[in-house]
Each structure stands twice: as structure tokens, then as C-alpha cells.
Amino acid sequence: MTQPVLKAENITRDYHVKGGLWGKSKTVNALKGINFEVHEGKTLAIVGESGCGKSTLARILTLIDPATSGDLKIDGQSINIAKTKLTPELRQKVQIVFQNPYGSLNPRQKIGKVLEEPLLLNTKKTAGERKKLADEMLVKVGLGPEHYHRYPHMFSGGQRQRIAIARALMLTPRLLVLDEPVSALDLSVQAQILNLLADLQEELNLTYVFISHDLSVVKYIADEVLVMYFGEVVEHRSRDEIFANPQHEYTQTLFAATPRADVESIRERLSN
């Protein structure tokens with residue numbers, strides 16, 4: 001098997017919380033030895049309830065926060081941002097799409113400049129080259145060059161998330177982390193964005209880490225599913241295996257509490 005695009009080995013993240021006037025300081029173990037790998041062109045979905053550590057892990061994978069311990073490898077290269085300066089080359093390897101399409105775009109910046117900014121900061125491409133790539137990316141995500149000079153408030157929530165995805169892809173990253181990318185959207189728009197992500201993955205051979213609490217979404221998009229509970233991985237198997245026969249008690253409880261996780265409801269939702 002080929003080398004994974006992303007490999008996490010025993011990743012931990014601790015937060016030190018100061019006590020009150022008379023209380024003692026304490027350490028919160030947000031992540032407790034996370035292990036997994038993701039191969040090129042595949043999607044790993046990370047699921048779990050709020051507070052389980054999903055977003056903490058996302059910030060480590062996207063090189064925003066360092067891990068307390070463990071080894072994070074991208075294309076076989078160990079990366080520790082606490083010890084090594086984050087270079088433009090490293091920034092290009094991993095990008096993130098956040099949950100809220102309304103809060104992730106600068107309202108004062110035209111869409112064309114939003115897309116060009118990663119190229120301006122991390123490459124030596126000319127203004128003409130940046131403009132051409134921005135126009136091409138707008139087309140890839142289902143918009144068009146005519147949207148280049150418009151502002152974020154002129155777009156719907158689904159269109160803004162398309163723009164956020166376009167911005168994340170401008171540097172042709174090796175890995176795209178999607179943190180609840182459709183949870184703030186209407187159901188019909190969710191289906192459109194999920195289909196876009198699937199099409200882009202097939203066209204560009206993209207590698208995704210998809211973070212979600214919605215199991216119907218996960219059932220549609222994932223190749224493998226990793227279930228987290230209080231900072232630990234309690235189950236990690238292929239999508240089909242885990243949906244057919246969840247093994248861990250927490251996974252069973254999580255699936256039982258999500259009535260939309262059945263196949264027919266997923267098909268109905270994505271056909272709208």
C-alpha cells in the first residue's frame with residue numbers, strides 16, 4: 001500500500017486550567033493518544049458528540065495548534081509546529097473549510113481577492129496568473145468569473161460555502177479538513193455541497209478528513225469512520241462495516257440516537 005497522505009501517531013492535547021482563588025490548577029486531557037492514517041483520494045470521517053475532541057483534533061491536523069505529544073506526518077514528513085517554523089510549503093499541504101460560511105469570509109473583500117490571497121501570501125505567481133486561477137476555481141465550484149468582483153453579502157449560504165471550498169483549494173493542498181461544512185446549511189443545499197465535494201474529490205484526487213455529527217452525511221461521503229468519545233478513539237473501521245455492525249457501546253448509542261442514519265433517508269435526502 002502507498003504511503004498515507006496523513007498519519008497521526010499517539011496524538012495528545014492537554015490544556016492547563018488555572019484554579020479559582022482557592023482552587024488548584026488542573027490538566028484537561030482533550031485528546032488521549034489518537035492514531036489513524038488517511039490515503040490519497042480517500043475520506044476519513046470523524047464523528048462524535050460535541051466536546052469529544054473533534055475540533056481540537058482538526059486544529060492540530062491543520063497546523064493551527066500543536067499537539068502536546070505524538071507524531072503528525074504529512075506525506076511521511078513529521079511536523080511539529082511547536083518546534084519548527086510553519087513554512088509556506090507546509091501551509092500549502094493542508095487547508096480547512098469551517099462550519100460557518102457567513103463568518104469565514106471577509107465582508108469587505110471581493111470574492112476574487114479572497115481566492116487570490118492564499119496565492120499572494122504563499123506563492124510568487126503574478127497578478128495575471130492569480131486572476132486566471134481564481135476564475136478557473138470559481139467555475140470548478142459551480143460559480144463563474146462574473147462573481148469575481150462581488151462581495152460575500154451578495155451570495156447565499158450555499159454559494160459562500162462553495163467560495164470557502166474554492167479558497168481552500170487554491171493552493172492545491174494534499175489534505176482538506178472539512179469541519180462540519182454543511183451543518184449550517186438547509187438540507188437541499190447540504191446535498192448540493194456534498195455532491196460538489198464528491199465531484200471535486202474524483203476530479204482532483206483529493207484527500208479529506210470530514211468532521212461531522214450527522215451520520216447520514218457521513219454515510220454518504222466517508223470511506224472510513226473514526227468514532228471519538230471524550231478524547232479517545234473508540235472505533236475505527238470502514239464505513240460499510242461500522243454502519244452494518246457497530247461494535248462499541250458508544251457507537252451503538254450514537255447510531256441509535258440518529259434516526260436519519262438509514263440508507264433510504266440518505267438516498268431521499270440527496271435526490272432532492
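A nonpolar core here is a set of buried Ala, Val, Leu, Ile, Met, Phe, Trp, Tyr and Cys residues joined through side-chain atoms within 4.5 Å, with buried meaning under 20% relative accessible area (1.4 Å probe, protein chains only). This is a predicted model, so to speak in its own terms: local features need pLDDT of at least 70, side-chain atom pairs count only at pLDDT 80 or more, and totals for chains, interfaces and linings use all residues. Numbering runs from 1 along each chain as its sequence is written, and side-chain values use heavy atoms, leaving out hydrogens and water.

**View 1. Inside the largest nonpolar core.** Among its 36 residues, Leu115, Ile165, Leu197 and Leu200 touch the most other members. Leaving aside residues up to four places away in sequence, Ile165 touches Val97, Ile193, Leu196, Leu197 and Leu200 (contact: heavy atoms within 4.5 Å). Another core, of 28 residues, lies apart from it and includes Val38 and Leu226.

**View 2. The buried residues of helix α3 (residues 111–122).** Among them are Ile111, Leu115, Glu116 and Asn122. They pack against α2 (88–93), α4 (127–140) and α5 (157–169); helices are DSSP runs (H or I, at least four residues), numbered from the N terminus.

**View 3. A lysine over a ring.** The charged end of Lys131 sits over the ring of Tyr148, 4.4 Å from its centre. To count, NZ of Lys or CZ of Arg must be within 6 Å of the ring centre and within 35 degrees of the ring normal.

**View 4. Phe243 and its lysine.** Lys219 lies over the face of Phe243, at 5.6 Å from the ring centre. Phe243 is buried, and so is Phe255.

Notes: Buried means under 20% relative accessible area, exposed over 50%, partly exposed in between (1.4 Å probe, protein chains only). Helices (H or I, at least four residues) and strands (E, at least two) are DSSP runs, numbered from the N terminus.
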